[in-house]
Amino acid sequence: MTAFSHLPNPPVVRVGVIGVGLIGQDHIRRITQVLTGGAVVAVNDVDAARAGQVAAGLPGATVHATAADLIADTGVDAVLVASWGPAHEEQVLAAIAAGKPVFCEKPLAPSSEACLRIMDAELAAGRRLVQVGFMRRYDAGYLAMKAALEDGSIGVPLLMHCAHRNPQVPPYGFTTDMIISDSAVHEIDLVRWLFGEEIVAASVLVPRRSGQAPAGMQDPLILLLEMANGALVDDEVFLNAQYGYDVRGEVVGETGTVALADVSEVTVRAAGRYGGRIPVDWRDRFIRAYDAELQDWLTAVAAGASTGPSAWDGYAAAAVTDSALAALRTGQRTAVTMPERPDFYAKAD
Ligand SMILES: NC(=O)c1ccc[n+]([C@@H]2O[C@H](COP(=O)([O-])OP(=O)(O)OC[C@H]3O[C@@H](n4cnc5c(N)ncnc54)[C@H](O)[C@@H]3O)[C@@H](O)[C@H]2O)c1
């Protein structure tokens with residue numbers, strides 16, 4: 001039951017956006033220009049000037065001095081959190097306390113303990129209010145890969161090879177740990193969803209360091225993730241690969257393999273060569289997945305439902321991240337410890 005469900009044609013979901021940096025602005029663009037059923041009516045950012053600039057492009061939108069004010073605004077039906085990770089917990093908890101649906105960009109919170117506090121608050125509220133921004137679940141390639149696994153096309157899946165390459169990271173502020181907590185967290189969530197299994201242990205291999213990495217950063221890394229059913233995932237995460245944003249994946253089964261295809265719109269054949277386009281960044285590569293995830297959220301909010309990646313998924317990804325960071329520090333395989341998934345979060349993906 002939502003504020004809208006008694007109406008024959010539900011009005012648009014009035015969204016308040018907290019954090020209007022790179023992805024906050026991109027989500028505002030898609031809600032206002034691409035998707036249906038949503039309007040951005042309020043914004044907040046610790047950078048007040050930035051909030052004002054963004055609001056100037058949104059006729060009628062209110063700029064709130066604090067995130068708490070935005071959440072309390074009775075004209076805001078649902079909250080989109082796109083601030084920095086360390087701010088997520090307080091903002092998501094405030095939205096839950098206000099009984100408002102909240103879409104939170106990954107990570108749900110920087111530690112698994114913080115994610116547990118969010119889960120506890122949602123459980124106490126008695127209904128799902130939180131969706132986490134794991135947009136790869138909405139990518140057409142990964143959806144086709146999951147369908148191939150489920151229809152038995154390649155037999156029992158045994159292994160997966162992943163690569164996650166960015167051209168470069170900013171020279172300051174990005175750490176080796178963030179290669180795991182900010183980047184590999186996408187594959188961590190993805191393989192849980194793809195295989196329908198939890199990850200039970202993580203190891204990290206440290207190859208030769210790229211001279212293109214900023215001083216002090218160990219780049220690339222290779223994560224080895226062990227699924228509960230014994231399938232093994234290797235994930236090369238290389239953030240200064242220079243040549244483009246390249247996300248690859250191949251599952252090897254008992255009778256075949258399924259791999260993501262290249263995403264170039266065309267292949268050019270000329271002068272004895274052929275070639276295509278490599279995406280420039282994550283917005284380019286996953287633009288349709290971001291559109292689909294936010295459309296799914298708006299539709300679910302209007303229906304009073306919640307269907308996307310949950311607070312449990314945010315928690316599980318954080319728990320695996322903790323183990324991978326411990327494995328990076330110790331050089332040892334590290335088991336993932338987490339409680340049983342509460343029935344509250346049981347769902348068919
Ligand atoms: N799903 C994805 O693929 C994806 C991609 C990029 C970023 N992200 C996530 O989105 C979040 C934002 O990333 P970004 O790249 O847009 O960063 P950004 O630095 O460009 O923007 C973050 C904005 O949040 C504001 N902010 C910080 N703390 C705040 C607070 N307490 N209250 C209000 N505003 C605050 C900053 O001033 C800034 O304007 C991060 O959690 C990041 O991991 C997800």
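Lys106 has a polar backbone atom 2.9 Å from an oxygen atom of the ligand, a polar contact (a pair of N or O atoms within 3.5 Å; within protein, one must be able to donate a hydrogen and the other to accept it, and residues adjacent in sequence count only if both atoms are side-chain atoms). On its own, the ligand has 850 Å² of accessible area, and the protein covers 85% of that; areas come from the Shrake-Rupley method with a 1.4 Å probe, and for residues only the protein chains shown count as cover.

Before I go on, this is a predicted model, in which local features need pLDDT of at least 70, side-chain atom pairs count only at pLDDT 80 or more, and totals for chains, interfaces and linings use all residues. Residues are numbered from 1 along each chain as its sequence is written, and side-chain values use heavy atoms, with hydrogens and water left out.

Back to the ligand. An N or O atom in the side chain of Asp45 lies 2.5 Å from a ligand oxygen atom, and a backbone N or O atom of Leu22 is 2.9 Å from a ligand oxygen atom.

How many residues surround the ligand? There are 27, with Ile23, Asp45, Arg50, Trp84 and Tyr290 the closest; to be near, a residue needs a heavy atom within 4 Å. The shell divides into 12 nonpolar, 9 polar and 6 charged residues, where nonpolar means Ala, Val, Leu, Ile, Met, Phe, Trp, Tyr, Cys and Pro, charged means Asp, Glu, Lys and Arg, and the others, Gly among them, are polar.

Helices H1 (22-34), H4 (85-97) and H7 (176-195) each give the shell at least two residues; helices are DSSP runs (H or I, at least four residues), numbered from the N terminus. H4 has the largest share, 4 residues.
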